[in-house]
Amino acid sequence: MRSSIRTRLLAAFLAVALTAAAGLSVYFLKELEGFALRKLEERLDTEATLVAELVTEAYMGDGRLQASETDELSTALQTAGPEISSRVRVLDAEGVALVDSGGDDGIGVGYGKLAEVTAALTGEYGAATRITDDNRVALYVAEPILHDDGVIGVSYASSTTFSIIALLQAYRTRLVIVILLFVVVTFALTEFLARWLSAPLLELSQGAQAFAAGDHSIRVTPMGSRETRAVAEAFNAMSDEVEDIVRELKEEERRKTRFVSDVSHELRTPLTAIRGAAETLLDGDVPADDERRFLETMVRESDRLARLANDLLILQRIEGATGELPLRRVRLRVIADRAIEGLEALLDERGVTVSIEGDAPTVLGDSDRLQQVVANLLDNASRMTPRGGAVKVVLAEEDGHAVLSVLDEGPGIPEEALTHLFDRFYRAQASRDRSSGGAGLGLAIVQAIVQAHAGTIVAENLPDGGSAFTLRLPSIGD
Ligand SMILES: Nc1ncnc2c1ncn2[C@@H]1O[C@H](COP(=O)(O)OP(=O)(O)O)[C@@H](O)[C@H]1O
Ligand SMILES: [Mg+2]
């Protein structure tokens, strides 16, 4: 499993904190050590110089430093030794100890080979540090004892001090405690930071999981850093898009399912009627009058099936077509004339008159299809208009569009039907009776044709009763 943000932060924090702590500690301890050593060297130098002065003053009668003459100094230094915490020796011109504050055992030991002593014997200042066996730092300072411009001996002071290693060892337990404290504080800080940093990511990942599981309405709140906000916003934008697409797909799916069930339903009714009539006739013993009626039913219902099949085919062709309409210059006035002519018999039968007013500019279109549009509108209008009524076709130009309206004297369109009128198989309440109309495909065909011509069609109720269907097509001028 991949480590969490928390674990990674913790590792990074611990690494940084411990490295920083260790680095700083070592640096400051080293500085401190250096400072302490410098101070100690200054003190030793003072002592060495002091002893050198004393020796020069007191014992230089013959210009030589003799062991026999230093007893007094030896006693004085050995008495003061424990108080001054450093060790002072007086060496002769060969580097052999004549006086030692540490005790008479040190007298006679030769130091001539040590670098600091060699330096002092040539009249220079000499100093050295060495690490002792018990891990302490020993500091040595050697000052020449001068007489008549010559070096007659060396004043040699030394002392030991804590080394940093010894210091660290002495403070071991405290160091462990401090490190533990560090770790605890780091843990707490990490916990806090990890929560703070990962909270927005957690919300994001939960959102994404819910989304993947099918809840497309889920959105996340952009929060946290600029980066996590950007991710959240991108996620939301993506969700919007996917939700839309899914909704459209579902809608499309629903439409298809409904279409198939509508078609089946429309087929079943006439088929049932035909089958019923045929069965009755097959049974025989039908009076001549009824026989004719049954046969008429069969013919009428067959016609209806044929019309339905035809309408579906037209709809399918128009909606499946990809811009292959044969477009010609067309005048709506001519189209309307032809449509009326084609419906003459039907209009006579319904006792409805149709008139045309005005004119509209030329459009580009398929005249057969446009004639079908007008015929469908006239069919509906004349069916809804009472016998003896009138239907008007009004042509006009409006904003570079050719406009054609069909106005009737029918009952108008129920408010709730206005938005569904152009749906397939939609029949408004007023004409539920199937025998009076088609399958509800007429206006769907009209709309499909108009849209294929980049036009629009709207239905509305007229203030004095009746309804108007108005179609607008882009005009190409006259
Ligand atoms: N001029 C009109 N006045 C009132 N209602 C109409 C008019 N034209 C159409 N409608 C309503 O719209 C419905 C759909 O019309 P249409 O698609 O042509 O189907 P159909 O004519 O097969 O019923 C009709 O059933 C009718 O209720
Ligand atoms: Mg119709």
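# Reading a predicted chain, feature by feature

Me: In the hairpin of strand 9 and strand 10, which residue takes a positive phi?

Reply: Most residues other than glycine have a negative phi. In this hairpin, which has 2 residues between the strands, D399 takes a positive phi near 50°. Strands here are DSSP runs (E, at least two residues), helices are runs of H or I (at least four residues), and both are numbered from the N terminus.

A note before we go on: this is a predicted model, in which local features need pLDDT of at least 70 and side-chain atom pairs count only at pLDDT 80 or more, while totals for chains, interfaces and linings use all residues. Residues are numbered from 1 along each chain as its sequence is written, and chains are lettered from A and ligands numbered from 1 in the order in which they are written.

Me: How many bridges join strand 9 to strand 10, and how do they run?

Reply: Two strands pair if DSSP finds at least two bridges between them. Strand 9 (residues 390-398) and strand 10 run antiparallel and are joined by 7 bridges. You can follow individual partners: V393 has V406 as its bridge partner, and A396 has V403.

Me: Which bridge partner does V403 have in strand 12?

Reply: V403 is partnered there with R472. Strand 12 (residues 467-474) runs antiparallel to strand 10, again with 7 bridges.

Me: In what order do the 5 strands of the open sheet come?

Reply: The order is 7-9-10-12-11, with mixed pairing. Strand 7 (353-358) and strand 11 (456-461) are the edges, since each pairs on one side only. Neighbouring strands are turned by 15° against each other on average, direction ignored; the axes behind such angles are lines fitted to C-alpha atoms (for helices, over the stretch in contact), and angles run from 0 to 180 degrees between N-to-C directions.

Me: How many residues of strand 10 are buried?

Reply: Burial is a neighbour count: a residue is buried if 20 or more other C-beta atoms, placed from the backbone, lie within 10 Å of its own, exposed if 12 or fewer, and partly exposed in between. By that count, 5 of the 7 residues in strand 10 (residues 401-407) are buried. Across the chain, buried residues make up 25% of the 478.

Me: Why does D100 count as buried?

Reply: D100 counts as buried because it has 22 C-beta neighbours inside 10 Å. This residue lies in strand 2 (residues 97-100). Leaving out residues up to four places away in sequence, D100 touches R89, G106 and I107, where contact requires C-beta atoms, placed from the backbone, within 7 Å. D100 and L77 are 23 residues apart in sequence, yet 7.5 Å apart in space, C-alpha to C-alpha.

Me: Is D285 buried or exposed?

Reply: D285 is exposed, because it has 5 C-beta neighbours inside 10 Å. Its place is the loop between helix 6 (226-283) and helix 7. D285 also has a positive phi of about 55°, although it is not a glycine.

Me: Which residues come nearest to ligand 1?

Reply: A residue is near a molecule if its C-beta atom, placed from the backbone, lies within 6 Å of it. Of the 22 residues around ligand 1, N380, A428, G438, G442 and L443 come nearest. Helix 10 (367-384) and helix 11 (442-452) are the elements that each give two or more residues to this shell, and helix 10 gives the largest share, 4 residues.

Me: What radius of gyration does the chain have?

Reply: The chain has 58 Å, whereas a compact globule of 478 residues would have a value near 23 Å. The radius is taken over C-alpha atoms, and the globule rule is 2.2 Å times the number of residues to the power 0.38. Along its principal axes, the C-alpha trace spans about 175 × 60 × 40 Å. The chain is divided into domain 1 (5-170) and domain 2 (325-474), with bounds from an automatic or database domain assignment, and 120 Å separate the centres of the two, taken over C-alpha atoms.

Notes: Contact = placed C-beta atoms within 7 Å.
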